[in-house]
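Dear colleague,

I am handing over the structure we spoke about, and below it you will find my notes on what was found. Please read them with the model open beside you.

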Amino acid sequence: MSYYKGNLSAPDSVDMGDLQDPYYWWTAGALWGAMLDYYHLTNDSTYNDVVTQALLAPTNLGAQHSYMPPEHAFEEGNDDLFFWGSAAIAAAERNFPQPNATLPSWLDMGANVFNQLAGRWSTQHCGGGLLWQIYASNPNGLTYKNSVSNGGFFQIAARMARATGNDTYLAWAERIWDWSVDVGFVDREHYHVYDGASIGTNCTETNPASFTYTSGIYLYGAAVMANYTGRPEWKRRAEQLLDGAGWFFNSPNATAENVMFEGACETVGRCNADMTTFKGYLSRFMWQSTQMVPSLRAKVESLLVPSARAAAATCTGGPTGRACGQKWYVGGYDGIPGLGQEMCALETVQGLLIREAAPPLEAGDIKTVRDASWTVQAASAPKPVQTTTKRGVAGDARPTGNSAGARLGLERGPLVVVGLGVLLATWGLA
């Protein structure tokens, strides 16, 4: 959070909720998603007011309450919209307070984002899909359909189906998935997720570039579909996507087994500011998938526990001695710090607490909470009970309840403000 300066600006400033260069506006939306996770997993409410301020700022939310503000039109694409919308939906799924009664609920904001994306689905080229960009000011992206935009739309549709029980969202999620596979963004054989394709070839020539975050985005969407529908094909797809993401853990250092790396750029030193954040989203969605499909947990932990250890080992640099590095597989701080590196380490390490966190709420349990008295909102959740999804499919024993931040007491020792070293020690990793 030391990288964020937007809350020091005037309330109506375009900087409110945004990040400084070289980070684009979409990264700010992703940051607020990470900090919502932080509160949910740790119960530390230190940053909640800042998160709320950022997500509700008019220069981010826009006049239609859909995260389409004119102030950021010059840099907003459909993928950007996913990250801001995902944060709003995450807030809804946890009954995170939305204290401004003059604005819609978090869930309604999620619906508004979905409607924006659905309105841009086009069959003119490639038989469907979203273009990368929205506005003519970004013309290059208006000839390219990519996996992050369409995978984000798929995940939002799946989560909105589960959060509302509305089968319109379900039908859209199925449609987007089928199109993504048919066009080759999701590889039928290996379940790798590729970057995208040009409409100039009618999407017949897929760009084989592959990044961690797109695998995570599709994985969590499939896991949510498995949880909501109870259909075995969705569980199988989630398993296959997790297996497909395995190539991001075959690091170039043979001694760093099961340690995540950004294969497209880290080994050649070409990661831009965007790419430095990608590993965090794969970690986020891998951890969260274990709540939707508990049978994924052993595989996820086999990959992310070593990655968490390696990530924390890089966080020893800079003047504070806590700056995190970029390349986890080198065995320590590599001298390449940044906000993205901090976000990736945080998302990977805080996910170790996912077993004790309440799962996302479903339709009927999501409410509009106005009281942002964090000491009240952080009340303990009930004991685990056998739960059933809205479609009657039994889940594992897990916490229930709909107070924001509800969670079980940690079995590995009480934590109030979670430090990397303390958390790793609870897992015997320090």
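Leaving aside its neighbours within four places in sequence, which residues is R159 in contact with? They are S86, I89, A90, E93, Y220 and V224, where contact means heavy atoms within 4.5 Å.

Before going further, please note that this is a predicted model, in which local features need pLDDT of at least 70 and side-chain atom pairs count only at pLDDT 80 or more, while totals for chains, interfaces and linings use all residues. Residues are numbered from 1 along each chain as its sequence is written, and side-chain values use heavy atoms, with hydrogens and water left out.

R159 is found in helix 6 (residues 147-164), helices (H or I, at least four residues) and strands (E, at least two) being DSSP runs numbered from the N terminus. R159 is buried, with a relative accessible area of 3%; buried means under 20% relative accessible area, with a 1.4 Å probe and protein chains only. The side chain of R159 also makes a polar contact with the side chain of S86, at 2.9 Å (a pair of N or O atoms within 3.5 Å, where within protein one must be able to donate a hydrogen and the other to accept it, and residues adjacent in sequence count only if both atoms are side-chain atoms).

Helix 8 (residues 212-229) is mostly covered, since 18 of its 18 residues are buried. Just after helix 8, G230 takes a positive phi of about 70 degrees.

On a 1 Å grid over the protein atoms alone, a cavity is a set of points where a 1.4 Å probe fits but cannot get out, a pocket is an open set with protein on both sides within 12 Å along at least five of seven lines, and lining residues have an atom within 4 Å of a point. Grid points are joined across faces, edges and corners, and a volume is the space filled by probe spheres set on the points.

The largest cavity has a volume of about 200 Å³ and is lined by 23 residues, of which D37, R94, R284, Q288 and I354 lie nearest its centre. Helix 10 gives the most to this lining, with 6 residues.

The second largest pocket has a volume of about 520 Å³, and among its 22 lining residues W26, D79, W132, Q133 and D274 lie nearest its centre. Helix 4 gives the most to the lining of this pocket, with 3 residues.

With best wishes

Definitions and conventions. Buried < 20%, exposed > 50% of the residue type's maximum accessible area, 1.4 Å probe, protein only.
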